[in-house]
Structure formats: C-alpha cells, structure tokens
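This report looks at one strand with its neighbours, and then at pairs of charged side chains. Keep the structure in view while reading.

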Amino acid sequence: ADNRKLSCLDARTGQPLWEFTAACELFASPVVADGRVFLGEGLHESKDSKLYCLDGATGKPLWTFPTTSHIEFSPTLADGRLYVAAGEDGVYCVDAVTGKQAWRFAGVHVDMSPAVTPRGVVFGTVYGDAAFYCLDPKDGKEVWKRPAPLEVCGSPSTDGERVFFGLGNGNFEASHAQPKG
C-alpha cells in the first residue's frame, strides 16, 4: 500500500475528485479551510519532510514548506497562521496564504497538534524534558513553561480559559513496564 497518497472524494457520491502524492509518508489528518488543504508529511524517523498547501478543488500544490524533521500531527490554523509541530524541529508558525515562516520555536521535540488559546499557542513535549509550554502567537517567544509530571503524549484541548493535556510514561513505540497516566 502507498501511504503517501491523499484522496479527495465527493461527499454525496463517493466519486474520486483528485489524488495527491506526497514525497514522504502521510500520517496526520489534513486541515481544510478557505478552499485550501494543509497537510504535513513524515513518520517519526523521517527527515526532510514538508508541510503542503493544496488547492482544495484540484489537489495541486500552492506552496510547500520544508522541515528537517517530521510532521506526524495536523497543523492548527488560527487567524491566518498555521502552527505546526515538526518533531525535532520544534514548532513553526507559517502564514497560511504565502507559506512563509513567521517564527520557529526550536530546542524541543514536539509530536502533537498545538492548541491556540486567547493567551497563546500551547503544546507539550514527550521526549527529553517533559513540559507544558505556552508561546506568544505573534513572535513565538515563550510566555510560560511548566514541568510535566509525565511525558505529554496527546495534543492539548482548550475551552479558552483552561488547557487539557494527556500524560503517560510510555512512548509512541511501546508501553512502559509500569504504565502511568
């Protein structure tokens, strides 16, 4: 099976409309907005992956944004910007229309979809220093960092005032001998 393909089907009939083939494996769900499809590629060991912006009507690439690591989770779209966790690259903020990088928060390994709250962009880390982070969406500067009691395994959810994180002591490849979380 080719796990580099994204298919677009007519929701009423199920008829194929177009198909896109990425350079690397696809794992994350696409984000669809304003006639565009945003999609990251790469599995955990992938290098030199890309974030794609496709025309929703045709599947043709409008722009690509290169990373040196992988994008295993969906980007988050807010206020015309994409917030993208790219494994060892950390978190990128990319303009959704142009594909130009606004900022990058490096030095952490992030494997989740960041959440955007009125107070900032939030995510956690599962490898290295387990922690919760909040960044200023304008410039990517750290607003706060809090140590996590366990690895932060799941993408956060928010109600706008609070942020909820899933924690655990396993990793993406195996359960811990004495699971917690």
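Strand E12 (residues 120–124) is largely enclosed by the rest of the structure, because five of its five residues are buried. The model is a predicted one.

E12 has a partner in strand E11 (residues 115–117), and the two pair in the antiparallel sense over three bridges. Within this pairing, Val 116 has Val 121 of E12 as its bridge partner.

The hairpin of E12 and E13 has six residues between the strands, and Gly 128 in the turn has a positive phi of about 80°.

The next topic is charge. Side chains of opposite charge can pair when their charged atoms come close. The structure holds nine salt bridges, including those in the table.

| Salt bridge | N to O distance |
|---|---|
| Lys 47 and Glu 88 | 3.3 Å |
| Lys 138 and Asp 136 | 3.3 Å |
| Arg 162 and Asp 159 | 2.8 Å |

Which parts of the chain does the pair Lys 47 and Glu 88 link? Lys 47 lies in the loop between strand E4 (36–40) and strand E5 (50–55), and Glu 88 in the loop between strand E8 (81–85) and strand E9 (91–95), 41 residues apart. Lys 47 is partly exposed at 45% relative accessibility, and Glu 88 is partly exposed at 49%.

Asp 159, the partner of Arg 162, is partly exposed, with a relative accessible area of 42%.

How values were computed. Residues numbered from 1 in each chain as written. Predicted model: local features only at pLDDT ≥ 70, side-chain atom pairs only at ≥ 80, totals over all residues. Heavy atoms only, no water. Buried < 20%, exposed > 50% of the residue type's maximum accessible area, 1.4 Å probe, protein only. Helix = DSSP H or I, 4+ residues; strand = E, 2+ residues; numbered from the N terminus. Pairing = 2+ DSSP bridges. Salt bridge = Lys/Arg side-chain N within 4 Å of Asp/Glu carboxyl O.
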